[in-house]
Amino acid sequence: MKLLISGTDTGIGKTVATCALLRSLAARSIAALGMKPISAGVNSQGLWDDVEQIRSASPISAPVEDVAPYRLRAAASPHFAAAEDGITIRSDVVLAALERLEQQAEVVLIEGVGGFRVPLSRELDSADLAQAIGAPVLLVVPMRLGCINHALLSAEAIARRGLALAGWLANRGIDPDYARAADTIDTISDRIGTSCLGVLPKLDRETGSAGGIAVDALLARLRKQ
Ligand SMILES: Nc1ncnc2c1ncn2[C@@H]1O[C@H](COP(=O)(O)OP(=O)(O)OP(=O)(O)O)[C@@H](O)[C@H]1O
Ligand SMILES: [Mg+2]
């Protein structure tokens, strides 16, 4: 089984949600692997933060070349970062790495890059890649002003690519002071056509558990899709 963890934007908790889910699957003794096909922004140690977080949250291990086949130096839109590194991002490279991970794991959680439509090269964007991967999508939505519009636009784009929306998660960790989270969750659930699968509270990044995510309901939906 595979699931694409997408989000309404960059920096809204996709990695936090992916890691929380990986830990939760590990607690259920499910052999799960996280994948971050395209990561942009090397840190001062020559590593990629989200790739390292995902690798350490995965209950089984796999080569970094398969977990994160495109590790780009600049913290920029992938089409800029790849061009600066002299690389052209290709979906067949990602699909081959994903296939190797699927041979090792019962569940592969694939963290998207940025929002749902991010340029990857002159020809390719992240929605094309999502379509090639063909996995159901879990949408992470930060509870903050403007998020309803972003969630609905993202859901529309996902549906337009013929992909199933496995569910959505509300992240309370980005703007914990946002006062209308409960009403926002109701509004998005009504309009997006699927109930919220869970609310991520403000978590500790290293030890964060899946908090209030309905992991079993999510797994049941994935098994049906
Ligand atoms: N629920 C949360 N509790 C505490 N901190 C959070 C939470 N969600 C996100 N953060 C923090 O917000 C920042 C962005 O989160 P994260 O890295 O998960 O976003 P992302 O969507 O994966 O970003 P990118 O587009 O770079 O992959 C991080 O510093 C993360 O620790
Ligand atoms: Mg991330």
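Predicted model: local features only at pLDDT ≥ 70, side-chain atom pairs only at ≥ 80, totals over all residues.

Q: OK, so how many of the residues of S6 are buried?
A: Six of its six, so to speak: S6 is mostly covered.

Q: Which way do S1 and S6 pair, parallel or antiparallel?
A: S1 and S6 are parallel, with four bridges between them. Gly7 is the residue opposite Val140 in S6.

Q: And how many bridges join S6 to S7?
A: Six, and those two strands run parallel.

Q: Switching to helices. What packs against the buried residues of H7?
A: Strands S1 (2–7), S6 (137–142) and S7 (165–171), plus helix H8 (181–192).

Q: Which residues of H7 are the buried ones?
A: Cys147, His150, Ala151, Ser154, Ala155 and Ile158. Looking down the axis of H7, these fall within an arc of 130 degrees, so they line one face of the helix.

Q: Why would a spacing of three or four places point residues the same way?
A: Because an α-helix has 3.6 residues a turn.

Q: What's exposed on the other side of H7?
A: Asn149, Glu156 and Arg160.

Q: How far does H7 reach from its first C-alpha to its last?
A: 20 Å for its 14 residues, close to the 20 Å expected at 1.5 Å a residue. After H7 comes Gly162, which has a positive phi, near 75 degrees.

Q: What about Ala157, where does that lie?
A: Ala157 is in H7 as well, within residues 147–160. It is partly exposed, because 17 other C-beta atoms lie within 10 Å, and a residue needs 20 or more to be buried.

Q: Which residues is Ala157 in contact with, leaving aside its neighbours within four places in sequence?
A: Phe116, Arg117 and Ala127. Ala127 is 30 residues away from Ala157 along the chain, and their C-alpha atoms are separated by 8.1 Å.

Q: Now H5. Which of its residues are buried?
A: Val94, Ala97, Leu98 and Leu101. Seen down the axis of H5, they keep within an arc of 100 degrees, so they line one face of the helix. On the other side of H5, Asp92, Ala96, Glu99 and Gln103 are exposed.

Q: What covers the buried residues of H5?
A: The cover includes S2, helix H3 (64–67), strand S5 (107–111) and helix H6 (126–133).

Q: And what span should H5 have at 1.5 Å a residue?
A: 20 Å for its 14 residues, and the end C-alpha atoms of H5 are 20 Å apart, which agrees.

Q: Where is Ser29, and is it buried or exposed?
A: Ser29 is in the loop between H1 and strand S2 (32–35). It counts as exposed because it has 9 C-beta neighbours inside 10 Å.

Q: Last one: which residues are closest to ligand 1?
A: Thr10, Gly13, Lys14, Thr15 and Gly173, out of 17 residues that surround ligand 1. Helix H1 (residues 14–27) gives the largest share of that shell, three residues. By type, the shell divides into five nonpolar, eight polar and four charged residues.

Terms used:
Residues numbered from 1 in each chain as written. Chains lettered and ligands numbered in written order. Near = placed C-beta within 6 Å. Nonpolar A, V, L, I, M, F, W, Y, C, P; charged D, E, K, R; others polar. Buried ≥ 20, exposed ≤ 12 C-beta atoms within 10 Å, placed from the backbone. Contact = placed C-beta atoms within 7 Å. Expected span 1.5 Å × (residues − 1). Arc of directions from axis to C-beta. Pairing = 2+ DSSP bridges.
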